[in-house]
Each structure stands twice: as C-alpha cells, then as structure tokens.
Amino acid sequence: MLREPIQLTIGEDGTVALPLGVLAEAGLSPGSSVLAFSNGDGRIVLRREEDATEDLIQFGRLD
C-alpha cells in the first residue's frame, strides 16, 4: 500500500519529523540507522544504513 505524499516543513533548527506510517511503509522502525544524502537539486534520499553500505561496497555508489 502506498500512501499519498505528505507535505513536511523543515524546522528552524534544520530538522524534519517523518510520520511513523511513512517509516513503516519503507520497512524502517524507530531506532533504525539510515544514511541521508542529496540525490540532486531538491531531492534527499534516506537509505537503510546496511543496504547503502552494501551497495557502496559492491557497486561503488549509494543509489
């Protein structure tokens, strides 16, 4: 099940709070380790740390 996109606001301190439902759809739970990186102008990617590390080792890239 895919949810409709949700609009979030970047706080004055630079943080963004993701709804638990979005995390659950991605197979992530509170306390999960993720890597965040820019993937172009206006695009931020969150990847499960172990998946991103595996891709970096195998393919030399994060995406």
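**Exercise 1: Glu54**

Glu54 is partly exposed, at a relative accessible area of 45%; buried means under 20%, exposed over 50%, and partly exposed in between (1.4 Å probe, protein chains only). The model is predicted: local features need pLDDT of at least 70, side-chain atom pairs count only at pLDDT 80 or more, and totals for chains, interfaces and linings use all residues. Residues are numbered from 1 along each chain as its sequence is written, and side-chain values use heavy atoms, with hydrogens and water left out.

Step 1. Helices (H or I, at least four residues) and strands (E, at least two) are DSSP runs, numbered from the N terminus.

**Exercise 2: the hairpin**

Task: describe how strands β1 and β2 pair.

Step 1. Strand β1 (residues 34-38) pairs with β2 in the antiparallel sense, over 5 bridges. Pairing requires at least two DSSP bridges between two strands.

Step 2. Phe37 has Val45 of β2 as its bridge partner.

Step 3. The hairpin has 5 residues between its strands, and Gly40 there takes a positive phi near 115 degrees.

Step 4. Strand β2 (residues 44-48) has Val45 and Arg47 on its covered face. Ile44, Leu46 and Arg48 form the uncovered one.
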